[in-house]
Amino acid sequence: MLAVERTTRLFIKSLQEALPGVRLQVSRSHNVAGRSNYVFIFMPHRSFKVRISDHAIGMRRALRGVEDLYIVAGRLPSSWAVWLGDLAAIYRSQQERAATLGRSTGPENRPVAL
C-alpha cells in the first residue's frame, strides 16, 4: 500500500473518532511529481482542505494558505493531533452556538425586518 493511501486512511480514522458525523470527501491526484490526496472536511458554516502528499510541491501551497493542513505521507497521527484538537474545538463551538441560537430569544437572535 502506498504511504499516501495509508496516511489518508489513518487521518480519516482520526477525524471520524474526533468528529463523529462530520461530512468528509476524498479526492486523489497523481502527476509527475508524485501522489496527493485531498481530504475535504465540511462543517455547518465552514470547510477545511487537507493535503496528504508524497512530494514537497504542495508545501508551498500550504504555506500560502491554499490548504488548511499539509501532511507528508508516512507521518503518524501524532503529527496532526494538535491541529485535529483545534478543529474539534471549532466544531464543538459551532454546535453549541447553533443550539444556543435555536433556543435564545435575545435581540441578537431575532429576525431583522428591512
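Hello everyone, and a quick word on what we are looking at. This is a predicted model, where local features need pLDDT of at least 70 and side-chain atom pairs count only at pLDDT 80 or more, while totals for chains, interfaces and linings use all residues. Residues are numbered from 1 along each chain as its sequence is written, and side-chain values use heavy atoms, with hydrogens and water left out.

Now the overall plan. The protein has three helices and four strands, and from the N terminus the order of elements is α-β-β-β-α-β-α. Helices (H or I, at least four residues) and strands (E, at least two) are DSSP runs, numbered from the N terminus.

Let's go to the sheet. Its four strands lie in the order E1-E2-E3-E4, forming an open sheet with mixed pairing. Strand E1 (23–31) and strand E4 (69–72) each have a single partner strand, so one side of each has no neighbour in the sheet. From one strand to the next, the twist averages 20°.

Back to our opening pair for a moment. A hairpin of two residues joins E1 to E2. Arginine 23 sits opposite phenylalanine 42 in E2, and leucine 24 has isoleucine 41 in E2 as its bridge partner.

What packs on this sheet? Helix H1, residues 3–18, does, and it touches E1, E2, strand E3 (47–53) and E4. Contact here means heavy atoms within 4.5 Å. The direction of H1 makes about 10° with that of E2; axes are lines fitted to C-alpha atoms, for helices over the stretch in contact, with angles from 0 to 180 degrees between N-to-C directions.

Next, the inside. Of the 114 residues in the protein, 34% are buried, and buried means under 20% relative accessible area, exposed over 50%, and partly exposed in between, with a 1.4 Å probe and protein chains only. The largest nonpolar core holds 21 residues, and Phe11, Ile41, Val50 and Leu87 touch the most other members. Such a core is a set of buried Ala, Val, Leu, Ile, Met, Phe, Trp, Tyr and Cys residues joined through side-chain atoms within 4.5 Å. H1, E2, E3, E4 and helix H3 (81–103) each give at least two residues to this core, and the largest share, five residues, comes from H3.

Please find phenylalanine 11 on the model. Phenylalanine 11 counts as buried, at 0% relative accessibility. Leaving out residues up to four places away in sequence, phenylalanine 11 touches Val39, Val50, Ile52, Leu69, Ile71, Trp80 and Trp83.

That brings us to the rings. Rings of Phe, Tyr and Trp (its six-membered ring) pair if their centres lie within 6.5 Å; planes under 30 degrees apart are stacked, over 60 edge-to-face, and the rest tilted. The count by this rule is five aromatic pairs. Phenylalanine 11 and tryptophan 80 are an edge-to-face pair, because their ring centres are 5.4 Å apart and their planes stand at 85°. This pair links distant parts of the chain, 69 residues apart: phenylalanine 11 is in helix H1, and tryptophan 80 is in the loop between E4 and H3. Tryptophan 80 is buried too, at 1%. Ring pairs also link Phe11, Phe48, Trp80 and Trp83 into a cluster.

Technical notes:
Two strands pair if DSSP finds at least two bridges between them.
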